[in-house]
Amino acid sequence: MSPSIVLLLIVALAVLAFQVGKARAIAVVGGHREVRNLHSLPGHYGLLTAMWCAIPALFVFVAWVAFQDNVLTRLVTAQLAEGQQPIPAAQMSLMLNDLRNVVAGSLPASSVTEPVRLAAAEFVRLKRIAGFSLAGVALGAGILALLWVRARIRPDLRARNEYERLVEWALFACSAVAVLTTVGIVLSIVFEAGRFFSIVPFTEFFFGTNWSPQMAIRADQIGSSGAFGAVPLFVGTLLISLVAMVVAVPLGLFSAIYLAEYAAPKLRRVVKPLLEVLAGVPTVVYGFFAVTTIGPMLRTIGESMGLTVAGESALAAGLVMGIMIIPFVSSLADDMITAVPQSLRDGAYALGATRSETIRQVVLRAALPGIVGGILLAVSRAIGETMIVVMAAGLAANMTFNPLEAVTTVTVQIVTLLVGDQEFDSPKTLAAFALGLMLFLVTLLLNVIALYVVRKYREQYE
Amino acid sequence: MSDKAVPPVREGIRTIGQVTVPEPVFACRDVNVHYGDKHAIKDVNIDIGRAEVLAMIGPSGCGKSTFLRCLNRMNDTIESARVTGLIALDGQDIHDKRRDVVQLRARVGMVFQKPNPFPKSIYENVAYGPRIHGLAADRGELDEIVNVSLRRAGLWEEVKDRLNNPGTSLSGGQQQRLCIARAIAVNPDVILMDEPCSALDPIATARIEDLIDELRESYAICIVTHSMQQAARVSQRTAYFHLGDLIEVGETKKIFTNPQAKLTEDYITGRFG
């Protein structure tokens with residue numbers, strides 16, 4: 001019996017429980033006319049019963065599905081090992097691999113050794129049994145819970161309050177999933193980064209200027225000693241982000257000022273959403289725009305001015321990234337400018353300030369913290385941006401501040417380090433986690449500062 | 001400059017009482033304001049004299065704030081507002097195309113209902129007007145203007161040690177006096193006050209009222225207020241507005257003790273409002 005059918009059965013059971021609970025509530029109070037004497041509406045008793053019925057059933061279901069394969073594999077391997085000499089770990093893992101492939105049907109049963117084939121058959125048999133017992137246990141738990149709640153239903157049972165508390169817990173559980181996932185990701189990055197730093201010293205990573213993460217696979221391999229100085233990556237990231245901000249901050253800010261202060265409401269209603277559409281364009285589209293249009297264009301312009309521009313340059317990537325983050329700057333700045341109270345503008349106008357004086361000296365001044373917050377968010381977005389730089393900035397870890405040359409960024413290197421077959425104990429692979437940790441910390445810091453600044457500003461005028 | 005260009009008040013206006021004064025600062029003739037379809041001010045004729053406080057009273061929505069905002073053309077910032085009629089400052093039409101609204105507002109200061117200091121330091125708040133109008137040749141003169149303005153607004157003693165603190169760090173009453181200092185720093189002829197005490201506690205209100213009385217010597221002041229006691233305390237003339245009409249104008253004492261119009265009497269005796 002497949003898990004999805006079990007899930008459907010649980011849902012059906014919950015629906016049944018609702019009806020049972022509701023009917024029971026009406027029955028204990030003595031019919032429809034007497035529902036006023038119930039503490040809560042009959043529906044609340046139904047909901048309470050359904051929730052109590054579904055929770056244990058779902059709990060069993062989730063736990064079972066999560067651990068089933070593990071437990072089954074263990075049972076089967078115990079059988080495999082039975083009566084033989086202990087199997088070495090490497091061979092065991094090979095056998096397990098075969099076993100999984102046979103079970104999944106991607107490897108014909110005839111191509112594996114006899115014990116593995118037997119084990120695979122056993123695995124399939126156990127899995128069938130497990131399916132049925134899952135249904136039995138999960139539904140059993142649900143039915144038991146149903147009966148328990150049904151027995152508790154009396155007119156003075158505070159069903160609404162209990163139901164609402166359960167809902168509150170369910171909501172809490174949902175938010176906990178998101179938070180715990182984040183914590184898990186961070187922990188895994190920290191852990192792997194720790195392994196990296198146990199091989200490569202901090203000082204080399206943070207102060208080394210040579211990035212060449214190729215590791216020798218054989219001892220006699222030449223030229224792949226591996227160098228993990230991340231400074232060129234930081235410089236490249238910084239350079240591209242800088243170019244992007246030089247594009248995005250003035251364009252975004254000025255368009256926000258125009259939209260908020262000068263544009264007719266009609267125009268604003270059309271232009272603002274259009275500008276925000278920029279944020280919805282997939283970054284890979286920006287990427288090939290950078291590669292196929294901006295890159296060659298810059299090269300032609302550069303040649304006509306006697307400059308050598310690399311086909312993949314920081315400038316091309318930065319320009320396109322700048323265009324991409326314009327809406328982040330403009331949208332937030334626009335919100336902040338609009339949030340400046342009219343009374344401040346009136347105060348300035350009443351002193352005889354012109355429109356431009358009012359905007360420059362009063363409105364922007366008041367909106368400044370919010371605008372800075374928006375810019376910081378845009379910076380953190382630029383630093384974390386991957387697709388555009390992968391496509392347009394190049395892979396060469398050049399240590400340069402010349403935007404016409406190819407540079408590489410932290411995100412690009414993470415991608416290249418993890419693409420393809422990797423061994424997870426090589427510093428080359430682990431370096432990706434160290435870089436990821438850096439990226440995470442920097443963007444986290446920027447976001448925290450930005451949110452703090454924005455929130456502080458908002459409190460001021462509300 | 002003289003008021004010769006301003007025509008006399010035409011016959012047959014409905015306003016009761018003496019609407020003109022000799023040598024007025026402001027002379028308003030048949031002023032009408034429309035907000036879209038709404039006729040907010042109807043044929044208002046009134047003069048505002050020098051060195052006097054004119055109080056404008058009336059129930060909510062009667063148009064007194066709208067009329068006040070006509071005097072420094074603040075209604076320009078409202079898209080749907082349309083102002084017609086003659087408003088003359090020292091005999092010159094303020095809507096004259098040859099004159100600029102910036103010059104007008106430099107001569108007609110305004111204090112708002114809610115204190116609205118700029119997000120700048122106390123010093124910069126007061127220095128803002130003189131700066132944009134180029135009234136000070138150097139830093140020394142600017143310091144002097146700020147000093148004098150804060151003194152006149154009765155705020156100097158309280159803030160002299162913290163001129164660089166943000167204006168928003170002051171209490172509500174102090175903020176309002178800062179806004180008054182900001183307005184008088186550009187040395188206007190008239191100060192318009194739109195319910196300047198409605199957001200303040202009684203003690204801060206009393207200070208502002210004392211201040212208004214002192215400022216009267218140098219400026220014509222036009223104040224909109226909801227408090228009849230305040231109008232009686234600070235003003236020399238009172239104008240009563242009702243649903244966009246200017247019902248009655250006269251000496252404050254007379255308006256409050258012996259109103260001529262039935263509507264005025266009903267309002268000040270508290271029958272509605």
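In the predicted model, 20 residues of chain B are in contact with 14 residues of chain A, two residues being in contact if their C-beta atoms, placed from the backbone, lie within 7 Å. On the side of chain B that touches chain A, at least two residues each are supplied by α2 (101–107), β7 (108–111) and α3 of chain B, and the largest share, 4 residues, comes from α3(B). By class, this side of chain B has 10 nonpolar, 6 polar and 4 charged residues, where Ala, Val, Leu, Ile, Met, Phe, Trp, Tyr, Cys and Pro count as nonpolar, Asp, Glu, Lys and Arg as charged, and the others, Gly among them, as polar. Helices (H or I, at least four residues) and strands (E, at least two) are DSSP runs, numbered from the N terminus. Residues are numbered from 1 along each chain as its sequence is written, and chains are lettered from A and ligands numbered from 1 in the order in which they are written. As this is a predicted model, local features need pLDDT of at least 70 and side-chain atom pairs count only at pLDDT 80 or more, whereas totals for chains, interfaces and linings use all residues.

Helix α3 of chain B (residues 122–133) also packs on helix α4 of chain B (residues 139–152), at an angle of about 110° and with the axes 9 Å apart; axes are lines fitted to C-alpha atoms, for helices over the stretch in contact, and angles run from 0 to 180 degrees between N-to-C directions. The two helices, α3(B) and α4(B), are therefore roughly perpendicular to each other (angles under 35 degrees count as roughly parallel, over 145 as roughly antiparallel, 65 to 115 as roughly perpendicular and the rest as oblique). The contact is made by Y123(B), V126(B), A127(B) and P130(B) from α3(B), and by L142(B), I145(B), V146(B), S149(B) and L150(B) from α4(B); these residues divide into 8 nonpolar, 1 polar and no charged.

In chain A, the axes of helix α1 (residues 3–29) and helix α4 (residues 114–152) come within 10 Å and cross at roughly 10°, which makes α1(A) roughly parallel to α4(A). Among the residues of α1(A) that meet α4(A) are V6(A), L9(A) and R24(A), and those on the side of α4(A) include L134(A), G142(A) and R150(A). The contact of α1(A) with α4(A) comprises 12 nonpolar, 2 polar and 2 charged residues.

Strand β2 of chain B (residues 24–35) is joined by 8 bridges to strand β3 of chain B (residues 38–49), the two running antiparallel; strands pair if DSSP finds at least two bridges between them. These strands, β2(B) and β3(B), form a hairpin with 2 residues between them, and G36(B) in the turn has a positive phi of about 60°, while Y35(B) has K38(B) in β3(B) as its bridge partner. A further 8 bridges join β2(B) to strand β5 of chain B (residues 81–89), again antiparallel, with N32(B) opposite T84(B) in β5(B).

Residue I57(B) lies in strand β4 of chain B (residues 53–57) and, with 28 C-beta neighbours inside 10 Å, counts as buried (20 or more other C-beta atoms within 10 Å of its own; exposed if 12 or fewer, and partly exposed in between). Leaving aside neighbours within four places in sequence, I57(B) is in contact with T225(B), M228(B), A231(B), T238(B) and Y240(B).
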